[in-house]
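The sequence and the structure come next.

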Amino acid sequence: MPDARGSSEEDRTPGLRPRRLVEEAERTGEPRGPGGFAALRRRCRGLAAAAWAAVRPDRRRTTGYIALCSVGALVGTSVVVGTGSAGAVPDLADIGAWLTSSRTGEAAHANGLTGDVDGKVKLPGMGDHPVSISQDGKTVLVLDEKTGKLVRIDPSQLTVEQSARYGAGLQLVSGGRYAYLVDPVKARVQRIDPVRTTPVGAPVDLGKGPLGEAVADPKGTLWVPVPGKGAVVPFPHGKKAPGIKVAGRSSKAATLLMSLADGRPVVTDTRGGTVTLLERTGRGMRFKLPGTFAEEPSGSVLVPSSTAGDVVPVLARKSGRMALVNTRTGSLLTASLGSSDHQYGTPQVLGAKVYVPDRSNGTLKVYDTEAAAITEPVKVTGKPGKLSLFVRDGLLWVNDADNATAVVINSSGHVNRVHKYETEAPSARKPKEDEGNDGGGSRDPAPDPDMPDPGPENPARPDRDRTPSKPDTSEKPDRPDDSDPDEKPDPEEPEDESPERQPPGIPQVESGPGTMRVSFAPSSGVKPTRYGLLGAPAGAELKPRKVGPGGPFTFEVKGGSCDKQYRFTVVAEFRGGEIIAKSGRSAPVRPCVAPGQPRNVQADFAPGGKSIKLHWDAPANAGKGTTYTVSGGGPDKDNIPGNTAALLQPLANFRTYTLTVAARNAAGSGGSTVKRVDLSNTKTIRVAHNVDDGDDVGVRSEPSTTSGTRRGSIPAGQTPKLKVICQTRGTMETHDTYKWKSDIWDRIEWKGGTAYISDLWVGTSKHEDGKPSPEVWSCD
């Protein structure tokens with residue numbers, strides 16, 4: 001309805017042009033939007049420039065191609081719908097994300113290529129409240145964690161549509177077509193309709209809380225960690241399935257952190273020091289973290305809820321130690337950010353860089369794995385506050401809900417700033433005089449984005465980092481084999497021998513099958529004449545023996561034992577060899593990776609059966625120290641050494657066994673191969689000695705001519721092939737022509753079932769003496 005000034009709300013809403021004006025422009029041939037096609041051309045050029053910035057040769061191809069295709073879609077949309085604020089429908093970027101602002105009580109949608117805010121939605125009654133937003137499913141949902149109010153955002157209208165109210169303190173999770181609310185205290189899971197925001201079915205009680213933070217994979221399966229049981233409970237298709245045991249027995253609950261690595265569920269057991277891939281049917285590959293991680297204080301180990309690729313970063317907040325677990329190859333890269341009083345947040349990986357939020361100053365610490373060094377930090381807000389990171393469409397998004405500025409970073413490290421309080425962005429906000437009806441109270445106009453941000457208004461906002469709230473009083477696990485109980489923590493910066501002769505950076509180490517790769521940042525200031533490496537195991541092969549002043553700054557160590565962990569120090573030697581500078585020691589590393597699947601699993605039978613000899617080839621990445629476990633054929637056979645064979649006995653014949661061969665070493669386990677073995681010995685044998693004397697050979701239901709019934713016959717003189725299953729004893733029979741006698745009967749496949757025929761008329765091995773044939777197994 002028109003207001004007192006004669007304009008409708010649609011006319012006054014930024015970014016929304018009345019449809020009647022668009023239709024009139026189309027009828028009269030008037031160019032759409034301010035400036036007509038000239039403005040359209042300018043916008044298309046800007047979008048094309050942003051696309052080229054993402055795809056030019058120094059960018060990652062995948063991200064660039066996604067960006068270019070999305071820009072093409074945006075340009076097409078601009079031609080059809082219009083440009084600027086004159087479009088009839090909000091023009092949200094295909095590559096973008098929703099970012100919340102607690103101060104204004106809004107959610108802003110930003111373009112991932114430019115950082116521009118292209119849409120805003122008012123969140124009624126949620127101002128100054130902690131909220132969580134879920135945009136990983138088919139819909140965009142926002143949960144007010146203080147009041148339990150859940151709403152759905154309609155991106156086409158930039159409005160809040162359906163809403164429902166639940167309890168406070170819930171976790172909102174969505175994936176695919178499914179959405180859930182998890183109550184960590186009451187240990188309940190409630191599936192919800194992501195469109196209507198209403199409950200679907202009754203809540204599911206998981207029995208024992210508190211629960212860890214859950215994740216939902218792209219298929220919509222929810223994965224809920226239950227630390228008290230040391231298990232993770234999946235919800236495929238929204239229905240509870242049996243829990244998967246991931247932690248060993250302990251008097252105290254484990255600390256379990258869930259992640260998605262390229263959409264695959266992964267759980268980190270911080271006390272057990274393991275990272276485990278999960279499957280619907282159970283555990284997959286398991287990777288062992290360096291021993292120092294299990295010794296970290298409770299709540300100090302951080303893992304992101306999802307990563308864009310296969311690498312999962314695990315950060316020990318207190319010590320600054322970081323491990324990057326490649327869940328595909330099993331390799332483990334460890335590095336040091338340096339221990340300090342900085343308040344590290346949950347890390348994220350994009351390309352070759354790891355971004356770690358620093359709450360003390362609103363910046364990102366950037367670790368470059370290719371340079372093995374910390375590089376220039378990224379300023380986000382420049383103020384103390386909680387930064388949340390997530391990767392979407394190949395871009396890293398960083399947001400502080402209590403501040404005006406966010407950033408989006410591409411794979412090459414280019415940063416675009418996002419001004420969430422941008423007033424020119426399209427929205428469907430009501431006039432100021434009507435805002436008081438939404439429960440959030442009236443507000444001052446959004447501040448000018450170019451003015452300094454006065455800082456968060458709610459510094460006491462709950463910390464929502466994925467860390468346990470209760471201290472862990474359990475016993476600490478054993479230290480690594482080669483660790484020194486009296487060892488002091490490494491200093492963040494090693495002492496310098498001279499202000500001009502600086503030490504190299506703390507080495508970055510990466511495990512491999514039979515190798516350890518040591519990379520380091522070179523000394524700053526005066527160039528050393530060469531670099532050496534300390535800590536290599538006795539007898540190991542070191543390439544190169546020395547590194548020149550120009551690099552490459554990498555050593556490869558071949559040798560050592562998988563059962564031990566090694567730490568390295570890089571030494572810089574200056575002119576004359578009298579002055580040296582040492583780096584700090586690296587994190588522990590093993591010369592091995594978790595073995596993959598055993599290959600070419602085969603089964604052989606002993607004469608007479610009742611046993612299976614299983615043999616296989618070792619995984620391609622298996623090294624010394626790899627052992628195997630075979631299960632499914634009676635009691636498990638553990639710690640089978642590297643001879644890659646096992647004898648399973650005693651077993652029952654004529655059964656099918658599902659056998660699993662799993663490989664493990666000190667670096668991890670879980671690479672397994674399943675082999676179904678039918679322990680039977682059916683032979684195809686031709687009828688023999690069937691003389692054409694006019695008498696047929698009877699086929700009986702039992703191994704007897706005095707009991708049972710006749711199932712059929714084989715005419716005299718004919719010698720068809722029969723499938724002989726096994727042999728047993730029955731009534732004594734005599735061959736009419738040869739006068740042989742035998743009580744051996746053959747069980748055969750006959751007309752879809754089984755039957756018996758006297759072995760006198762079957763061409764098995766010699767049986768004139770009435771003994772069972774060695775080529776056919778006993779039926780017993």
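## Salt bridges and exposure

D193 has a relative accessibility of 17% and therefore counts as buried, the limit for that class being under 20%. The model discussed here is predicted. The side chain of D193 meets that of R196 in a salt bridge, with 2.9 Å from N to O. R196, at 54% relative accessibility, counts as exposed, because exposed means over 50%.

The structure holds 11 salt bridges in total.

One is formed by E573 and R530, whose closest N and O atoms are 2.7 Å apart. E573 lies in strand β37 (residues 569-573) and R530 in strand β34 (residues 530-534), and the two are 43 residues apart. E573 is buried, whereas R530 is partly exposed.

The other is formed by R729 and D743, again with 2.7 Å between the closest N and O atoms. R729 belongs to strand β49 (residues 721-734) and D743 to strand β50 (residues 741-750), with 14 residues separating the partners. Here R729 is partly exposed and D743 is buried.

| Residue | Relative accessible area | Class |
|---|---|---|
| E573 | 13% | buried |
| R530 | 39% | partly exposed |
| R729 | 49% | partly exposed |
| D743 | 17% | buried |

Salt bridges also join residues into a network: R264, D310 and R328 are linked in this way.

Note on methods: Residues are numbered from 1 along each chain as its sequence is written. This is a predicted model: local features need pLDDT of at least 70, side-chain atom pairs count only at pLDDT 80 or more; totals for chains, interfaces and linings use all residues. Side-chain values use heavy atoms; hydrogens and water are left out. A salt bridge is a side-chain nitrogen of Lys or Arg within 4 Å of a carboxyl oxygen of Asp or Glu. Buried means under 20% relative accessible area, exposed over 50%, partly exposed in between (1.4 Å probe, protein chains only). Helices (H or I, at least four residues) and strands (E, at least two) are DSSP runs, numbered from the N terminus.
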